[in-house]
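The sequence and the model are shown first.

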Amino acid sequence: MNAIDYAVTVDNRPARSTTLEKCEIGRVGNPAAGAANARLNVASAADLMGLKDYVISENKAVVRNDPVVLALLRKSLNRTQYKLYAAQRAYVATNFIRLVDKGAGLAREAGDEELAAALQANLNDEIGMAADGNRYDALDHRQWKATYLRAIGIKADVKGFPLLSETRAHVNAFLEMEATGTMLSIAGTILSLENIIPLEYRAAVSSRDHLFPGIFCLSEKDDAESRSRKELARQYLNDHIVHDAKSHFPQLLQALVKYEGDPVAMREIRAGIDLVNTFRKQFYQGLGAAMQLAQRDMEYYTYGA
Ligand SMILES: [Fe+2]
Ligand SMILES: [Fe+2]
């Protein structure tokens, strides 16, 4: 039997415009560039790949091949479809903070101080804990998220709102990881998230600003009050693009590269990375199907919109 099994994805979409729009905070990499994108998708190839290359290539494979992420990037959704995305996306990893906390605790128990410190720093950011040891609402990512969702008419704190089955599956997979995951599989999941989130949110920001310019786009005509209202509404997505890519991902990667020489440890980390990609892929497929529903049926899944 052939030891190497090839899974090839070919992307022939035309190159997108690279023009920077006023409201975009950064240019999104060309998802296709017309080039064939072939990748080896087997354990033996993964074993040879460094951790950074593995997580980046696997995350990219999800976002670059997904029609919903591409539609977000290309601004081809309507407002109801965007709200459906935002509402469901808000719930895929509701236990994220607990997952980071669990990972940090397991790392402390195992004596991996470097990993514990990286996860603790991530956790402190999430809960708005500043360097002075105090927690501030204005720094709490959950507050940023609620403000963003409220700005487009979504009630983030509604209990029992309807989830698409793929969103529910993602939620459950993360709860399962929290309950049974090992230190390295949990760390792999968080590493994967910190890298995929900026890719996802760049696409989201593109549609957000296109569809709701009056809420999110800064203008010279804004008075001080509307400017600060817009800045608060923008903060959740915009800040995550920057801090996940510039802080959380590199810090966690730095703490995990020491496991590269250990194939057993690497398999655990990769299992954590793969969990994100498997369930994100399903999540976006579920969204894509739901976005074809009639307006009022879509609205049902935006709870409170
Ligand atoms: Fe965050
Ligand atoms: Fe983060």
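This is a predicted model: local features need pLDDT of at least 70, side-chain atom pairs count only at pLDDT 80 or more; totals for chains, interfaces and linings use all residues.

Leaving aside residues up to four places away in sequence, Ile-190 is in contact with Leu-99, Val-100, Gly-103, Leu-119, Asn-122 and Leu-252.

## Helix α8

Helix α8 spans residues 165-180, 16 residues in total. From its first C-alpha to its last it reaches 22 Å, close to the 22 Å expected at 1.5 Å a residue.

The buried residues of α8 are Glu-166, Thr-167, His-170, Phe-174 and Met-177. Because they cover an arc of only 110° around the axis, they lie on the same side of α8. That buried set packs against α4, α5 (96-110), α9 (183-211) and α12 (263-290). On the face turned away from the buried side, α8 carries the exposed residues Ser-165, Asn-172, Glu-176, Ala-179 and Thr-180.

## Helix α7

Within helix α7 (residues 141-151), Trp-144, Tyr-148 and Leu-149 are buried. The arc they cover around the axis is only 125°, which puts them on the same side of α7. Their cover includes α4 (79-89) and α11 (224-256).

Just after α7, Gly-153 takes a positive phi of about 80°.

Methods: Residues are numbered from 1 along each chain as its sequence is written. Chains are lettered from A and ligands numbered from 1 in the order in which they are written. A residue is buried if 20 or more other C-beta atoms lie within 10 Å of its own, exposed if 12 or fewer, and partly exposed in between; C-beta atoms are placed from the backbone. Helices (H or I, at least four residues) and strands (E, at least two) are DSSP runs, numbered from the N terminus. The arc is that of the directions from the helix axis to the C-beta atoms. Two residues are in contact if their C-beta atoms, placed from the backbone, lie within 7 Å. The expected span of a helix is 1.5 Å times one less than its number of residues.
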